[in-house]
Amino acid sequence: VLIAEMKAAGLDVAVVASPENFFYLSGWKIQTQVLIRDRLALGIVTVDGAITLVVCKNEEAQTRRYSSAEDIRTYAEFADSPMKIVAEVLHEKGLAKSRIGIERKYITADYYDDLATRIPVASLSSCDRAFDRTRMVKTQTEIDALTKAARGTDDAICHALKTAKPGDT
């Protein structure tokens, strides 16, 4: 669904940084992505489905262990801009002059400007709608995972209600 949405939006590649879209691409949630907003975790996906993740060096080992992506690049926090690595990936893949979707709802203006100066010939536009529409459609694997999570939560609540007694904290 994502590739079709990207093609419909006229995108060659998309760069995302929100926790929900990074998780969608990688299968892995980096908690510090929420706690430390400047410690970006980025997903780059091309219209042929290739995925590259760009994470802070501090998050590399866990990302390699838990994500489904094979191409993982890192940046040194406070020393390198994560957008420097994104631009390097786009140049390496021959996409620095293409139509690039950016998650404009999440990526700050500073990071957007940083990337734009590193790939000045590229056409940058929003990919937010493509990802929003994609995540609305659930695959059978996602449905199964959501069902399992809901049942586990329901079982835990039922157990707590059955076993709770006055004085429990």
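Val1, Met136 and Val137 come together as a nonpolar patch on the surface, with about 310 Å² of accessible area together. Patch members have over 30% relative accessible area and no salt bridge, with nonpolar side chains (Val, Leu, Ile, Met, Phe, Trp, Tyr) joined within 5 Å; a salt bridge is a side-chain nitrogen of Lys or Arg within 4 Å of a carboxyl oxygen of Asp or Glu. Areas come from the Shrake-Rupley method with a 1.4 Å probe.

This is a predicted model, where local features need pLDDT of at least 70 and side-chain atom pairs count only at pLDDT 80 or more, while totals for chains, interfaces and linings use all residues. Residues are numbered from 1 along each chain, and side-chain values use heavy atoms, leaving out hydrogens and water.

**Around Val137**
- Val137 sits in the loop between helix H7 (128-136) and helix H8 (140-163); helices (H or I, at least four residues) and strands (E, at least two) are DSSP runs numbered from the N terminus.
- Its relative accessibility is 43%, so Val137 counts as partly exposed (buried is under 20%, exposed over 50%, partly exposed in between).

**Strand S3 and its partners**
- Five of the six residues of S3 (residues 51-56) are buried, so the strand is largely enclosed by the rest of the structure.
- Strand S2 (residues 42-46) pairs with S3 in the antiparallel sense over four bridges (pairing takes at least two DSSP bridges), and Ile44 stands opposite Thr52.
- Four residues lie between the strands of this hairpin, where Gly49 takes a positive phi near 90°.
- With strand S4 (residues 71-75), S3 pairs in the parallel sense over five bridges; here Cys56 stands opposite Tyr75.

How values were computed: Buried means under 20% relative accessible area, exposed over 50%, partly exposed in between (1.4 Å probe, protein chains only). Patches are made of residues with over 30% relative accessible area and no salt bridge: like charges are joined within 9 Å, nonpolar side chains (Val, Leu, Ile, Met, Phe, Trp, Tyr) within 5 Å.
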